[in-house]
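Student: I have a model open and I'd like to learn how to read its features. Can you walk me through it?

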Amino acid sequence: MTVLSVKDLKKIAEEKETAKLQEVLSRRKKEEEEEREARQHFMERDVRPEGLERFNAWVRRAAEQGQEEIEILRFPSQYCTDHGRAINNFEESWPDTLTGFARRVYDSYVEHAKPQGFTIRAQILNYPDGGLGEVGMFIGW
């Protein structure tokens, strides 16, 4: 038996490092694919016909518990056309920045809930790494 050479040890270390790097890249690619699929689902998702029934049940239950507002939707601020800037700055035009399912929920609010006296607001819920995180949309009465 012979002692491993420095060259062999360096090769072993390089192979191990390469394997770790490939694992990280593979994990990152999978996460990016999952995010892409989630965003695509969000953009294509529609408000279901039974949505009004579920909405009525949510607000009834909340009112029975003494609440005056419920969160109806949560999504990444990156899904807004301005990445959540208008929402974060409480601009009146924040609904114009909504896309996909969030926009359809807002339009449904305008059509069905607003005439009944409900209000809607959106706010940034968290600030990961100092950036704008998730948006919460709330219905009040």
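Student: How many salt bridges does a search of the whole structure find?

Tutor: A salt bridge here is a side-chain nitrogen of Lys or Arg within 4 Å of a carboxyl oxygen of Asp or Glu. Searching the whole structure turns up eight salt bridges. Keep in mind that this is a predicted model, where local features need pLDDT of at least 70, side-chain atom pairs count only at pLDDT 80 or more, and totals for chains, interfaces and linings use all residues. Residues are numbered from 1 along each chain as its sequence is written, and side-chain values use heavy atoms, with hydrogens and water left out.

Student: Which residue forms a salt bridge with Glu33?

Tutor: Arg36 does, with the closest N and O atoms 2.7 Å apart. Glu33 and Arg36 are three residues apart in helix H1, so about one helical turn separates them. Helices (H or I, at least four residues) and strands (E, at least two) are DSSP runs, numbered from the N terminus. Glu33 has a relative accessible area of 33%, so Glu33 is partly exposed; Arg36 is partly exposed as well, at 44%. For those words, buried means under 20% relative accessible area, exposed over 50%, and partly exposed in between (1.4 Å probe, protein chains only).

Student: And which parts does the pair of Arg121 and Glu69 tie together?

Tutor: Arg121 and Glu69 form a salt bridge, with the closest N and O atoms 2.7 Å apart. Arg121 lies in strand S2 and Glu69 in strand S1, so this pair links parts that are 52 residues apart in sequence.

Student: Which residues do salt bridges that share partners join into one network?

Tutor: Start with Glu71 and Arg74, whose side chains meet in a salt bridge (2.8 Å, N to O). Through shared partners, Glu71, Arg74 and Glu134 are joined into one network.

Student: Now the inside. Which residues touch the most other members of the largest nonpolar core?

Tutor: In soluble globular proteins, nonpolar side chains tend to be buried together. A nonpolar core is a set of buried Ala, Val, Leu, Ile, Met, Phe, Trp, Tyr and Cys residues joined through side-chain atoms within 4.5 Å. The largest one here has 27 residues, and Phe75 and Met137 touch the most other members. H2 (51-64), S1 (69-76), H3 (85-88), H4 (100-113), S2 (119-124) and S3 (134-140) each supply at least two residues of this core. The largest share, six residues, comes from H4.

Student: What about the surface: which residues form a negative patch?

Tutor: Patches are made of residues with over 30% relative accessible area and no salt bridge: like charges are joined within 9 Å, nonpolar side chains (Val, Leu, Ile, Met, Phe, Trp, Tyr) within 5 Å. Asp and Glu count as negative, Lys and Arg as positive, and His and the chain ends are not counted. A charge is placed at NZ of Lys, CZ of Arg, CG of Asp or CD of Glu. The negative patch is formed by Glu31, Glu32, Glu34 and Glu37. Glu31 sits in helix H1 (residues 6-44).

Student: Where is Phe90, and what is its phi?

Tutor: Most residues other than glycine have a negative phi. Phe90 has a positive phi of about 55° although it is not a glycine. Phe90 is in the loop between H3 and H4, and it is exposed, with a relative accessible area of 70%. Asp129 also has a positive phi, near 55°, and lies in the loop between S2 and S3.

Note on methods:
Areas by Shrake-Rupley, 256 points an atom, 1.4 Å probe, with all protein chains shown as cover.
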